[in-house]
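Keep the viewer open as you read.

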Amino acid sequence: MNISTTRFGSLAIQDVDVLTFVDGLIGMEDCRRWVLLADAQNPALGWLQSIDRAEVALGVVSPRRFVPDYQVRVARREIQPLGLQSPNDAQVLAIVSHSNGALALNLKAPLVFHIAERLGRQIVARDDHPVQYRLQATARRMSA
């Protein structure tokens, strides 16, 4: 299938590349189909591109790359729709944003994926994680 995007132009993707967020994302409930793209210039950065809205692409990273001891606790009912049999089946990504001239990670509401099932869900962590965890200057150069 071909999709049109504002940021990346026209892309050819396969059906197996589509990640489904049954509930959408917080504030973007209408965006339910996504594709995860690698950044050509930065291996730490990925792009979650909406298939439903060409103009929506979110930068994402593994939070543990920048916060090595990051763990997320959630209610079982939050991840139950993903069909995870083990925490090892999950992949967790954080959305990258700009905050007062710096890059920040949303550690409070990470994206949890069951890659084998091609399902994702944005969850709100029970932990006291910040919505905007500002990256240090050295981390910004590595990640942006």
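Which residue forms a salt bridge with arginine 121, the closest N and O atoms being 4.0 Å apart? In this predicted model, the partner is glutamate 78. The pair links distant parts of the chain, with arginine 121 sitting in strand S10 and glutamate 78 in helix H1, 43 residues apart.

Arginine 121 has another partner to look at. Its side chain also meets that of aspartate 23 in a salt bridge, at 2.6 Å from N to O. Aspartate 23 is found in the loop between strand S3 (18-20) and strand S4 (33-38), while arginine 121 belongs to strand S10 (residues 119-122), so this pair ties together parts that are 98 residues apart in sequence. Aspartate 23 is partly exposed too, with a relative accessible area of 42%.

The structure holds six salt bridges, and one more is worth a stop. Arginine 73 and aspartate 127 meet through their side chains at 2.9 Å, N to O. This pair, too, links distant parts of the chain: arginine 73 is in the loop between strand S6 (57-61) and helix H1 (76-79), and aspartate 127 is in the loop between S10 and strand S11 (133-134), 54 residues apart. The two ends sit in quite distinct surroundings. Arginine 73 is exposed, with a relative accessible area of 52%, whereas aspartate 127 counts as buried at 11% relative accessibility.

Now turn to the nonpolar side chains. The largest nonpolar core has 20 residues, and the members that touch the most others are Ile3, Ile13, Val61, Phe66, Val96, Leu105 and Leu107. Which elements give two or more residues to this core? They are S4, S6, strand S7 (90-99) and strand S8 (102-105). Apart from this core lies another, of 14 residues, with Leu19, Leu58, Ile95 and Leu111 among them.

To finish, zoom in on leucine 107. Setting aside neighbours within four places in sequence, leucine 107 is in contact with Pro63, Val67, Tyr70, Ala94, Ala125, His129, Pro130, Val131 and Tyr133. Leucine 107 is also one of the core members named above for touching the most other members.

Note on methods: Residues are numbered from 1 along each chain as its sequence is written. This is a predicted model: local features need pLDDT of at least 70, side-chain atom pairs count only at pLDDT 80 or more; totals for chains, interfaces and linings use all residues. Side-chain values use heavy atoms; hydrogens and water are left out. Helices (H or I, at least four residues) and strands (E, at least two) are DSSP runs, numbered from the N terminus. Buried means under 20% relative accessible area, exposed over 50%, partly exposed in between (1.4 Å probe, protein chains only). A nonpolar core is a set of buried Ala, Val, Leu, Ile, Met, Phe, Trp, Tyr and Cys residues joined through side-chain atoms within 4.5 Å. Contact means heavy atoms within 4.5 Å.
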